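Biologist: Can you walk me through this one?

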Amino acid sequence: MKLKTNLHFHIDDDKEDSIPYSFTEALDEASRLGFQCLAITCHNTYTYTPERAKEAASRGILLIPGIERTIEKKHVLVFNCDESITSVQSFEGLIAYKKTHPGIFIIAPHPFLGSSHSYSLHQKLLEYISLFDAIEQTWFYSFLYNPNRKATAVATTHSLPLIATSDVHELKWLSTSFAEIETKEKTITAVFEAIRNKRFKNVSRPRSFFFEMTPYAIRHIVIYYFSKLGEMITKFRSTY
């Protein structure tokens, strides 16, 4: 069977991003678009519950536990984990966590997006390459700017899967970059086995640098700094 899958998805539970839709609204849109497998990956917040998995299943969607964890100021996608993942602070700690949680699956998200000072992994991906099970093909690319070229080269060199997601912060992007995964059954184990064996097809396209990528980047930079300003004001008021 083929599972239309997106493994990088933020909802309004995310404390580090301003997301305008709820878990239920996300499921409704994913179901409308024919998705059968999703992972909710909020920044440093573990959102998976059995109740949410049942809600997803009622719409024909397999919900995979996941999180976008900040490790040494770099983003890492961890799947099939439990809430204890939020205590992991370092890459060495993540290596230890993986040894005690052998069922987890780790993806390097947007590894070469932005500068080496950004939340993208850059050199850390190469330094800890054995830790990763797959590399993300970011949706944020165009003919003028394409960080996926380097990601593809690293994936090829190390024989790792390169899987597309749309790193959803706005529902309109959900179905613009995703993977069609060929599995024997609709289970978490089968999904990750299929990815490891590269039994999937990426569905994506280059973006318009000026009409899609630039407005998106500006909007999220503004949202980010307004949220930081709000935090500073709240902190100032609580102090004085």
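Biologist: How many bridges join strand β7 to β8?

Modeller: There are 3, and β7 (residues 134-137) runs parallel to β8. Strands are DSSP E runs of at least two residues, helices H or I runs of at least four, numbered from the N terminus; two strands pair if DSSP finds at least two bridges between them. It's a predicted model: local features need pLDDT of at least 70, side-chain atom pairs 80 or more, while totals for chains, interfaces and linings use all residues. Numbering starts at 1 along each chain's sequence, and side-chain values use heavy atoms, without hydrogens and water.

Biologist: What stands opposite Ile135?

Modeller: Leu162, in β8.

Biologist: What's the order of the open sheet?

Modeller: β4-β5-β6-β7-β8, with mixed pairing. β4 (66-71) and β8 (162-164) each have a single partner strand, so one side of each has no neighbour in the sheet. The twist averages 35° from one strand to the next, using lines fitted to C-alpha atoms (for helices, over the stretch in contact) and N-to-C angles from 0 to 180 degrees.

Biologist: Which strands does helix α5 lie across?

Modeller: β7 and β8; α5 (residues 148-157) runs at about 160° to β7. Contact means heavy atoms within 4.5 Å.

Biologist: And where is Phe211?

Modeller: In helix α7 (residues 209-239).

Biologist: Buried or exposed?

Modeller: Phe211 counts as exposed because its relative accessibility is 72%; the cut-offs are under 20% for buried, over 50% for exposed and partly exposed in between, with a 1.4 Å probe and protein chains only.
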